[in-house]
Amino acid sequence: MTATYQQPDAQGYYGSFGGAYIPEMLHRNVEELRSRYLEIMEEASFQKEFQQLLRDYVGRPTPLFLAERLSKAYNTNIYLKREDLNHTGAHKINNAIGQVLLAQRLGKKRIIAETGAGQHGVATATVCALKGIECIVYMGVKDIERQAPNVARMKMLGASVRPANSGSQTLKDATNEAIRDWINNPSDTHYVIGSVVGPHPYPDMVARFQSVISAETRSQLKAATGSELPGYMIACVGGGSNAAGAFYHFLDEPKVKLVAVEAAGLGVSSGMSAATTQLGTPGVLHGSKSLVMQTADGQVVEPHSISAGLDYPGIGPLHAHLFKSGRGIFLSATDQQALDAAFNLCKLEGIIPALESSHALAALNELKLKADDVAVICLSGRGDKDLATYMKAMEQKG
Ligand SMILES: *Cc1c(COP(=O)(O)O)cnc(C)c1O
């Protein structure tokens, strides 16, 4: 097989990153998933149901929108891939649908998930309601307090939200609780992970479910410009699922520059950042080997970002490999740069972006695009959920 960035090797490695570092008690569950996921995803009946739900329930294909006033401001050609127009307001639903359909075919009766800000929990609860499946979402106590609207959404959708009391009472602790649940309920439960992280096969499986983003982009760009290939594909990276989906069908097209934008928080060197490729070292986090923000003795460092979805101390193994190999261009945007980019998009295009997506928009200031360049930005989500933060920023500006 020729070298490809799309596919990990049989053990789930992208270069030196990936694999499955899991407790013995999880081997059976992860092995069941690993041995079945490709076969199930390739079944005609699976594809039919998945594609139908993406179309009729999520609202796909999402538009590829030529942002004319934004393009003019940067003297180049900028298209927005409108994942913000998906049902539930972001790309996460693509993966949640894929995994729940897969879980049903594995005979699972119970879905568990972990969530930090609540976006992945809401997407998972949504699909479980649609399918009439029991849904349990683990969430840190602190996050339950901070993210009340998403907790209410999950409850309305019929999910039970279980508080994680240990440690820092945030995402990491919710993940531990979800893993404990899975160990205790190995035969009837599927664990829906929300990004291209976790043990093999999760990163590859999630990337495949999200790859609809770049598949659509290719044909839409061809119709709009005559070429399937943009000069730049730009996306923000928390764990990396919207970026993996936006890059997927361009990974092995060397002419397309892949730009990943991490959250610099208050600044990469401020001690309050989530720019994993800039600050991280190789280590194991949540079941795979990747780059991790950690101390010299391997304690995970608490990350910071104004956007909850990017506030993660790791990065998926595919992205660690894109960084290490030089295939990806890794930039970062500070909290303030993301806010500025959000207000700029509102003013120029009438679109209120999610704070996460605003990090990708902020990269336009660094990229020095030329008049004949074509750039696609993955607008991963809408900004409704971030209104409280935007209101505070407006108050401060006066
Ligand atoms: C969760 C989220 C992200 C970050 O997750 P990735 O897995 O890196 O895509 C980005 N944008 C939005 C809108 C999100 O909700």
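Start with the salt bridges: this predicted model has 20 of them.

**Stop 1: Lys 81 and Glu 216.** Select both side chains. They form a salt bridge, with N and O 2.7 Å apart. Now show the secondary structure around them. Lys 81 sits in strand E4, residues 77-82, and Glu 216 in helix H10, residues 212-225, so the bridge ties together parts 135 residues apart in sequence. Buried or exposed? Check Lys 81 and Glu 216. Both Lys 81 and Glu 216 are buried.

**Stop 2: Glu 356 and Lys 385.** Select this pair next. The closest N and O atoms lie 2.8 Å apart, and the two residues form a salt bridge. Glu 356 belongs to helix H15, residues 355-362. Lys 385 is in the loop between strand E14 (374-379) and helix H17 (387-397). The pair links distant parts of the chain, 29 residues apart. Glu 356 is buried, at 9% relative accessible area. Lys 385 is partly exposed, at 31%.

**Stop 3: Lys 172 and Asp 173.** Move to this pair. Their side chains meet in a salt bridge, with an N to O distance of 3.5 Å. Keep the surface on.

Terms used
Residues are numbered from 1 along each chain as its sequence is written. This is a predicted model: local features need pLDDT of at least 70, side-chain atom pairs count only at pLDDT 80 or more; totals for chains, interfaces and linings use all residues. Side-chain values use heavy atoms; hydrogens and water are left out. A salt bridge is a side-chain nitrogen of Lys or Arg within 4 Å of a carboxyl oxygen of Asp or Glu. Helices (H or I, at least four residues) and strands (E, at least two) are DSSP runs, numbered from the N terminus. Buried means under 20% relative accessible area, exposed over 50%, partly exposed in between (1.4 Å probe, protein chains only).
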